[in-house]
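Dear colleague,

Please find below the structure for your records. My notes on its nonpolar cores and its charged pairs follow.

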Amino acid sequence: MKPNQINIKNKKAHFNYEIGNTYTAGMVLTGTEIKSIRDGKASLTDSYCVVENGEIWVKGMHVSEYFYGSYNNHAARRDRKLLLSKKEISKIIKQSSDAGYTIVPLRLFISEKGYAKLVIGIGRGKKQYDKRQSIKEREDKRNLDRLFKK
């Protein structure tokens, strides 16, 4: 696969959260992890970000073990450190410290230089009626597309 073909999305993020600002961060990975990501064997469902000691970590991200990894393989759900500038980290900490806001992983991709990048966003949890409204808008859009397609 070419580097630009890897695009792993967190599909539930936009449904469960109202996303505000987004940031693109690098990740600290081992050799077998980047090989699995390049094979497209990663998932962002049930993953979240936390701030520990002035660093941002992504937890719960699943990267499958590399098939040819032998004893050097990594743990599938280990915590991974995100690489951001101090300025960006301080902005993220300030924005996410408000009540109801959290840091949500949105998309994992491979950059043109071959590095794994994670797009994170500052999200506020949606209420149940907001989710119903999102479903209604999505269904209305589908119905309009069907009508005009004929």
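A salt bridge is taken here as a side-chain nitrogen of Lys or Arg lying within 4 Å of a carboxyl oxygen of Asp or Glu. By that criterion Asp140 and Lys136 are joined through their side chains, because their N to O distance is 3.8 Å. Please note that this is a predicted model.

**Salt bridges**

The whole structure contains 8 salt bridges. Asp140 and Lys136 both belong to helix α4 (residues 128–149), and their spacing of 4 residues places them about one helical turn apart. Asp140 is partly exposed at 37% relative accessible area, and Lys136 is likewise partly exposed, at 47%.

The salt bridge between Arg124 and Glu18 has its closest N and O atoms 3.6 Å apart. This pair connects distant parts of the chain, since Arg124 lies in strand β9 and Glu18 in strand β2, 106 residues apart. Arg124 has a relative accessible area of 34% and is partly exposed; Glu18, at 32%, is also partly exposed.

Lys59 and Glu52 form a further salt bridge, at 3.3 Å from N to O. Which of these two partners is buried, and which is partly exposed? Lys59 counts as buried, with 17% relative accessibility, because the limit for that class is under 20%. Glu52 is partly exposed at 35%.

Finally, a network of salt bridges links Glu33, Arg78 and Arg80.

In soluble globular proteins, nonpolar side chains tend to be buried together. The largest nonpolar core in this model comprises 25 residues, and Leu82, Ile92, Leu108, Leu118 and Ile120 have the most contacts inside it. At least two residues of this core come from each of β2 (17–27), α2 (31–38), β5 (55–59), α3 (86–96), β8 (101–110) and β9 (116–125). The largest share, 4 residues, is supplied by β9.

Setting aside neighbours within four places in sequence, the contacts of Leu82 include Ala25, Met27, Cys49, Ile56, Val58, Leu118 and Ile120. There is also a second, separate core of 5 residues, among them Ala13, Val104, Leu106 and Val119.

**Ile37**

Ile37 is located in helix α2 and is buried, with 0% relative accessibility. Apart from residues up to four places away in sequence, Ile37 touches Ile6, Leu29, Ala42, Val63, Leu108 and Ile110. Asn7 is 30 residues from Ile37 in sequence, with a C-alpha to C-alpha separation of 9.7 Å.

With kind regards

Note on methods:
Residues numbered from 1 in each chain as written. Predicted model: local features only at pLDDT ≥ 70, side-chain atom pairs only at ≥ 80, totals over all residues. Heavy atoms only, no water. Core = buried A, V, L, I, M, F, W, Y, C linked by side-chain atoms within 4.5 Å. Buried < 20%, exposed > 50% of the residue type's maximum accessible area, 1.4 Å probe, protein only. Contact = heavy atoms within 4.5 Å.
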